[in-house]
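Please review the following briefing alongside the sequence and the coordinates. The points are grouped by topic.

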Amino acid sequence: MTELAAANPTERAQALIQLTGRLTELLDQETELFDAHMPHKAVDFQAEKTKLATLYRTETKLASKDRSRLAGIDPDLKAKLKTSTRAFEDALARNGAAVEALKVLTEGLVKAIADEAARQQQTQVGYGPGVKAGGVSALAYNQTV
């Protein structure tokens, strides 16, 4: 599916409202999982999100190139489409902020692990002139961030 199945601008606008609504739901769900430090659970709906996002991108690009695709729609429907688009853009911004926060957190965690591993490698074992550097002890990591 590369384009919405719509026979006229009204059907296309209605389909776009449904599409942006579902994308907004998925983004909000993903953001909640990110905020709850459970990003691994977002994998369950990534395929659907990617498919719908690609469809949305295609439709908006086509509509910007060919104004007739949404020409003459009822003003109330046009207002609903604008409201739906704004809600989607807001959800996208919240999701982007959550992704950035996870990125910073993850980078900090990786740096802390690397620093600890380097510190442990430099630790010396024993006393006296024949002292040897110790090996890296075990580090534990789980999926909870």
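**Pocket, aromatic pair and overall fold**

The lining of the largest pocket comprises 7 nonpolar, 4 polar and 3 charged residues, where Ala, Val, Leu, Ile, Met, Phe, Trp, Tyr, Cys and Pro count as nonpolar, Asp, Glu, Lys and Arg as charged, and the others, Gly among them, as polar. The model is predicted: local features need pLDDT of at least 70 and side-chain atom pairs count only at pLDDT 80 or more, whereas totals for chains, interfaces and linings use all residues. Residues are numbered from 1 along each chain as its sequence is written, and side-chain values use heavy atoms, with hydrogens and water left out.

**Largest pocket**

- The volume of the largest pocket is about 350 Å³, taken as the space filled by probe spheres set on the grid points, which are joined across faces, edges and corners.
- A pocket is an open set of points on a 1 Å grid over the protein atoms alone, where a 1.4 Å probe fits, with protein on both sides within 12 Å along at least five of seven lines; lining residues have an atom within 4 Å of a point.
- The lining holds 14 residues, and Ala63, Arg67, Leu70, Lys78 and Leu81 lie nearest the centre of the pocket.
- Helices α2 and α3 (75-122) each supply at least two residues of this lining.

**Aromatic pair**

- The count comes to 1 aromatic pair, with rings of Phe, Tyr and Trp (its six-membered ring) pairing if their centres lie within 6.5 Å; planes under 30 degrees apart count as stacked, over 60 as edge-to-face and the rest as tilted.
- Tyr56 and Phe88 form this tilted pair, at 4.8 Å centre to centre and 55° between the planes.
- Tyr56 belongs to helix α2 and Phe88 to helix α3, so the pair ties together parts that are 32 residues apart in sequence.
- Tyr56 is buried at 14% relative accessibility, and Phe88 is buried at 8% relative accessible area (buried means under 20%, exposed over 50%, partly exposed in between, with a 1.4 Å probe and protein chains only).

**Lys49**

- Lys49 is placed in helix α2 (residues 46-65) and counts as buried, with 16% relative accessibility.
- Leaving aside residues up to four places away in sequence, Lys49 touches Leu23, Leu26, Leu27 and Glu30 (contact means heavy atoms within 4.5 Å).

**Chain as a whole**

- The protein chain has 3 helices and 2 strands, in the order α-α-α-β-β along the sequence; helices (H or I, at least four residues) and strands (E, at least two) are DSSP runs, numbered from the N terminus.
- Of the 145 residues in the protein chain, 26% are buried.
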